[in-house]
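Colleague: I have a model open and want to learn how to read its features. Please take me through them.

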Amino acid sequence: MAEHTYEDIPLGPDERTEFNVVGRRGILRYDGYPKASGEAMFTRDVYLPGMLYARVLASPYPHAKIKSIDTSKAKAYPGVEAVITYEDLEVISDTAYYEGELIGAAVCADTDQICVEALKLLDVEWEELPFVIDQEEALKPGAPLVRPDLSPDNNIALAGHFEAGDDVEKGFKEADLIIEDTIKWGSGSGGEGIIAHGGAEPWSCVTKWDGDILTLWISEQKGAWAQPKIAAVLGIPISKLNMRMGYLGYSGGHHHSNYLKPFYKGVAFASRAAKITHRPVKLQFSRRDEFNSIDMGLLCHVKVGVKNDGTVTALQKENIINGGSDPVLAYNWAATPLMSAHMEWFSGETKIPCILINSTSVWTDTPQTFAVRCELNHAAFAFGTVFDIVANELGMDSTEVALKNAARPEPSLKECLEDGKKAIGWDEKWHAPGTKKLPNGKYHGIGLYWSHEWGVGKTRTASAAVRICVDGSVEMVGSASDVGVAPNTTYAMILAEELGVRFEDVSFPYYQDPYGFRCMGPGGSVGLGTNSLPWEECGKRAKEALLERAALVLSEGLAKEVKAEELDIRDSVIYIKEEPATTLSVPDALRGTKCKIGKGLGEPGAKIGDPTDLQVCVSAGDTGGRTFEHLPAYYQAHFCEVEVDPETGHVEVTNIVNTSDVGKIIYPESCEGQQYGGSTMTWGRAITEEFVYDPTTGVQLNGNFLDYKMTTILDCGPVECILKETRVGDPEETGSYRLIGIGEDMATTVNTCISNAVCNAIGKRLTQPITPDKVLKALGKI
Amino acid sequence: MNKDKIPKNQSGEISRREFLKDAGLVVGGAAIGSTILLAACGDGEVTTTVPGPTQTVTTTAPGATTTVTTTAPGETSTVTTTEQVGEVTKTATVTETVSTFVCPICSQEFDTLAALKSHFEAEHAGEAPAALNVVNLTVNGKQYELQVEPEWTLQYMLRDKLAILSPKDMCGGFGSCGSCTVIMDSRPILSCLALAIECDGKSIETVEGIAKAGHPLIEAYIRNHCMQCGYCTPGFIVTAKALLERNPNPTEDEVKEAIAGNLCRCTTYPQHPIAVLEVARELGGG
C-alpha cells in the first residue's frame with residue numbers, strides 16, 4: 001500500500017525557472033561529428049604498436065566440467081604467444097553452466113585469426129553434466145541440479161514472500177469479481193521469449209602494463225563500479241588500474257564488468273597475457289560470445305479481486321523467475337531487488353489495499369541473467385498486463401482503470417494519459433477486444449501501458465571536476481562511457497547553465513584519464529539522475545569562485561571595492577548587476593591581481609597578472625550518497641495501434657505514441673531519441689526476439705544477428721514523442737532540476753503496450769514474441 | 001621496382017615512401033604496404049616475397065573473368081618460368097574462364113599466354129618484377145598498392161592494414177548488420193564479405209572519405225540525431241550516399257529499403273529518412 005503521497009511541491013527559492021541553455025533545441029551533440037565521420041574510436045578500434053590478440057574458449061556443453069586441457073598443439077601453432085588455462089589463473093573457472101560460456105582457457109597470438117585457429121587445437125577433455133534449460137522443468141523433483149555447489153537439494157536460488165496492506169483474503173471478499181490468469185515473460189520452453197542485449201559493439205578490452213600500472217581500454221558501461229571489481233580480480237590496487245572508457249556501442253545494461261563474469265574474467269586473461277608476453281593484448285569477443293547474458297524470465301500466476309468500477313481490491317501473485325546460472329546475479333539482482341520489484345511496483349504505485357507476492361528464483365543452465373534494458377522488464381510486463389486483464393474482464397476503458405488504481409494519478413499520470421489519448425485518437429478508436437475488423441480484412445487493436453517513470457539519482461556516487469582555463473574555455477573532467485544518450489553534451493548543458501557560460505565554451509573530452517573523477521555510466525538506469533547532481537554543483541561552485549576572482553580584478557580596475565555578490569555572469573560575460581554595462585571577460589577575471597599560485601588571492605608580494613586556471617571539484621559525498629526507496633512522482637503512458645492479419649498471422653505496429661513526464665527536459669532531442677529509439681527497439685521484443693535452444697543438447701541455436709531477429713527500419717511504424725515537464729518530483733530525490741531519466745523506460749514498457757494492443761485486436765493474450773504461428777493458433781487457423 | 005617505367009594507372013601517383021607514410025603510420029602500428037614490412041610486422045601471416053618472374057592469377061567475383069597477368073622476370077629469380085607457366089595453365093584450365101591475357105605493364109591484351117609471353121620478352125625484358133597477391137586500389141581517392149593474403153577480407157585490410165576504422169564489426173563477419181558497408185565502384189558492399197584480393201583496380205569509399213569531402217550527409221546526420229551510440233553510423237551514411245548517387249531523388253520508402261540492411265540497436269531509424277531526404281533536396285535531387 002502506498003504510504004507516501006506526493007503533492008505539488010512548489011519550487012524552492014534557489015530553483016531555476018528560466019533557462020539559458022538547458023532545454024534548448026538545436027544544440028549539436030559533441031559526439032555527432034566524430035560518430036558521423038568515423039573519427040570516434042571505440043574500444044574495438046584501439047590498436048597499439050606490437051599489440052597481440054586473445055580469445056577465450058567457449059564451452060560446447062550447457063553443463064560440463066573440464067577434466068584436463070592439453071595445450072601443446074595450440075602452443076606449437078605458429079604465431080601463438082601464450083596459452084593460459086584455469087590452472088594458471090585462479091579466477092578462471094573449469095565448469096560451464098551454459099553452452100557458450102567462456103571458461104577454462106584463453107590463447108594469445110599475433111592475430112585474431114590465429115587465436116581462433118589455436119582455440120580449436122586445445123585438446124579439452126570434458127565431463128558432461130546433466131542440464132536443464134526450462135525454469136518449470138528445473139523446479140520438478142529429480143531435475144538435474146544446475147548449481148549443486150550452491151543449492152545441493154533443488155534448483156531454487158532464492159524464495160521471497162512479500163505482503164503489503166491487509167490480508168489478501170479480506171480484499172478478495174470485498175471484490176465483485178475474481179480474475180485468475182497466467183502471465184509469461186521470457187520463460188517459455190526452448191528459450192521462448194528469452195531476450196538478449198544484442199549490443200552493437202562486441203565487447204573488447206586492450207591491456208597494457210607500465211610497470212605495475214595497468215592501462216585498460218574497455219567496452220564498459222559503468223567504470224565507477226567496474227574499476228574496484230577489476231582491481232580486486234586482478235589483485236592490484238585500484239589506484240594502479242588506469243581505465244580508459246569512451247565511445248561505447250549500444251550496450252543496454254550488458255557491458256558491466258562489475259557483475260558479468262565474461263567481462264571481468266576476460267580482463268583477467270588479457271592482463272595476464274600482457275604480463276607474460278610484455279606486449280599489449282587485445283581480447284575480443286565474437287558476436288556469439290556476446291550472447292552471454294539474458295533477461296530474467298517470469299512465469300506468474302496472478303489472482304486479482306476487482307470491484308465493478310475497476311478498483312482492484314486485492315492482488316496475489318506467484319512468481320517464478322529465471323535467475324540463470326550465476327550466483328552473483330541471482331542473489332544480487334535477479335533475486336532480491338528484482339523479486340521485490342514486483343511488490344515495489346504494485347504497492348508503491350497503486351492504491352491496491354491488499355497485496356501478497358511469492359517469488360521463487362530458479363537456477364537454469366542459461367546465461368547469467370542481467371539488466372537487458374532493463375532489469376525491470378518482467379515487473380513492468382506483469383504490471384502492464386494485470387491492469388489490461390482487469391479492463392478487458394470488466395469491459396472497461398483501460399485508461400479509466402489506470403486512473404482508478406494509480407496511487408498518485410494527478411497531475412502527472414492524468415496529463416500523460418490526456419495528451420496520449422488525444423494524440424492517438426483513443427476515444428474514437430478504442431473498442432472491446434476482438435471487435436473491430438478494418439476494410440483491409442485485418443483486426444485493429446489499440447493498447448495502453450502506464451506506470452511511473454524511473455531513473456532518479458538513486459546511487460549518488462558520481463564525482464566530477466571542472467577547469468576554467470586561462471583562455472576562458474571550460475573543461476569538464478569526469479571519466480564516463482558514452483552509450484549513446486549524448487551524456488557528455490547533456491551534462492555540459494547543465495554545467496553551462498549553472499556556470500553562466502556559453503555552451504560552445506564548454507568541452508567534455510572522451511577517454512579521459514580516470515584519476516580525475518568518475519561519473520556514473522550514463523547507460524545504467526541512473527545516469528542523468530545521478531550525474532546531473534555533481535555537474536550542477538560543480539557549476540555553482542565554479543561560478544562562485546570565478547566571481548570571487550572577478551571581484552578582485554574589478555576592484556583594482558575600477559579603484560573601488562566590488563564584491564562577488566554584486567556580480568553575475570551570462571553567456572560567458574561577467575557583469576555588475578547594478579551596472580550591466582561594466583563587464584569583464586572570463587580570461588580577464590582569471591588574470592588575477594595580487595595572487596600567487598597556491599597562496600590564494602590577495603596575498604602580499606604576489607605577482608600581478610599571472611593567469612591561472614580555476615579548478616573546482618565535487619566529490620560523491622557532496623551530493624548525498626543517499627538511496628531512495630520511493631517511487632518517483634513522474635508517470636509515463638504509452639499508446640499503440642496494431643493491425644493483425646488473420647490470414648498470415650502477421651502483426652503490424654502502425655502507430656506508437658509515447659507520453660513521458662521527465663520532470664525537466666535537459667536535451668530535448670536526446671529525450672526524444674530515447675522515446676522513438678526505445679519504442680522501435682522493443683518492437684523486436686514484442687514480435688521477433690527470442691532464443692532458440694536445442695532441447696536435446698542445450699545448445700543455443702541462434703546466437704547471431706541473422707537468426708536472433710532485431711528490429712530493422714522496415715518493421716515498426718511511426719512513433720510520436722510527447723514530453724511533459726510537470727516538475728512535481730521531490731527535489732530530495734530528483735535534484736533541483738527535478739528531473740528523471742528516460743533511457744530505459746520505452747524499451748521496457750512499450751512491448752507490453754504492443755501485447756495489450758494485440759489482445760485488443762484478436763481478443764486473446766499471447767506470449768512474446770508474438771510470432772505469426774501463435775496468432776494463427778489463437779485464431780484457430782492452425 | 002622500376003617505377004619510372006610503369007604507367008600511372010598501375011603505380012598510382014604516390015611514391016612508396018608516401019604510401020608508407022599514409023598506410024604505415026597507423027594507430028596500431030601494424031605497418032603495411034610492402035612485402036618487407038608485412039613480413040616484419042609480426043602478425044603471423046605467412047607472406048611470400050617473390051623476387052623472380054611471376055604470373056599472377058587474379059580471380060575476380062564468381063562468374064567474372066579470370067585474368068592472368070605476367071610480370072617481368074627479375075635478376076634474382078628462383079622460380080623457373082616453366083613451372084610458373086605450368087601452374088598458371090592449370091589454373092586457367094580449371095576455371096575455364098580465361099578470356100584475355102593482359103600485360104601488367106602496358107595493359108595490352110592478348111588471346112593466348114604464349115602471345116603475352118612473347119610480347120613480354122620483346123617489350124619488357126629486364127623490367128622489375130612484381131610481388132604475388134598485389135592489389136592496386138583506390139581508397140577515398142588515394143591510390144594504394146598492397147600485398148594481401150588470400151584470406152584477408154576487405155574489412156580486415158581497411159581496418160588492420162590501412163587504419164581506416166569506420167567499417168565497424170558488429171555482427172562478426174556474417175554480413176548481417178551492414179556496419180562495415182563501404183562503397184565499391186558506386187555500389188554499397190559489405191566489406192566483411194569481400195576479399196581484399198578481389199579489390200584490384202577497385203575504387204573504395206568509406207565514411208572517412210565522405211566526411212573529408214564535406215558531403216552534406218554528415219551534417220544532416222548530426223543535425224537530425226541519426227546516431228546514438230554511433231557504432232553503426234558510418235555504415236548508414238555510406239549506404240545512404242550510395243543511394244543518393246544511384247537515385248538522387250528517392251522516396252521515403254526507397255530510403256528505407258536502401259538502408260534496411262543496416263542494423264541500429266539504439267534504433268535511430270525514424271531519423272534516417274528525414275536526414276537523407278533533406279540532403280536529396282539540398283543536392284537538388286528532390
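Colleague: Which conventions apply?

Modeller: This is a predicted model: local features need pLDDT of at least 70, side-chain atom pairs count only at pLDDT 80 or more, and totals for chains, interfaces and linings use all residues. Residues are numbered from 1 along each chain as its sequence is written, chains are lettered from A and ligands numbered from 1 in the order in which they are written, and side-chain values use heavy atoms, leaving out hydrogens and water.

Colleague: How do I read a salt bridge, and how many does the structure hold over all chains?

Modeller: Side chains of opposite charge can pair when their charged atoms come close. The criterion is a side-chain nitrogen of Lys or Arg within 4 Å of a carboxyl oxygen of Asp or Glu. Over all chains, the structure holds 46. One of them joins D31(A) and R29(A), at 2.8 Å from N to O.

Colleague: Are D31(A) and R29(A) buried or exposed?

Modeller: Both are buried. Buried means under 20% relative accessible area, exposed over 50%, and partly exposed in between (1.4 Å probe, protein chains only). Compare D210(A) and K208(A), whose closest N and O atoms are 3.0 Å apart in a salt bridge. D210(A) is partly exposed at 42%, and K208(A) is partly exposed at 29%.

Colleague: Where do salt bridges share partners?

Modeller: R16(A), E497(A), E498(A), E536(A) and K540(A) are joined that way into one network.

Colleague: How do I read burial along a helix?

Modeller: Helices are DSSP runs (H or I, at least four residues), and strands are E runs of at least two, numbered from the N terminus. In α11 (residues 398-405) of chain A, the buried residues are S398(A), T399(A), V401(A), A402(A) and N405(A). Down the axis of α11(A), they fall within an arc of 160 degrees, so they line one face of the helix. That arc is taken from the directions from the helix axis to the C-beta atoms.

Colleague: What should I look for in the backbone?

Modeller: Most residues other than glycine have a negative phi, and most peptide bonds are trans. The bond from E410(A) to P411(A) is cis, with omega near 0 degrees. P411(A) belongs to helix α12 (residues 409-424) of chain A. The bond from Q768(A) to P769(A) is also cis. P769(A) lies in the loop between α19 (745-762) and α20 (772-778) of chain A.

Colleague: Which phi values are positive in chain B?

Modeller: Among them, S107(B) has a phi of about 65 degrees, and H225(B) has one near 50 degrees. S107(B) is partly exposed at 30%. H225(B) is buried at 5%.

Colleague: How far apart in space are V135(B) and T267(B)?

Modeller: C-alpha to C-alpha, 37 Å; in sequence, 132 residues. V135(B) is in strand β5 (residues 134-139) of chain B. With 1% relative accessibility, V135(B) counts as buried.
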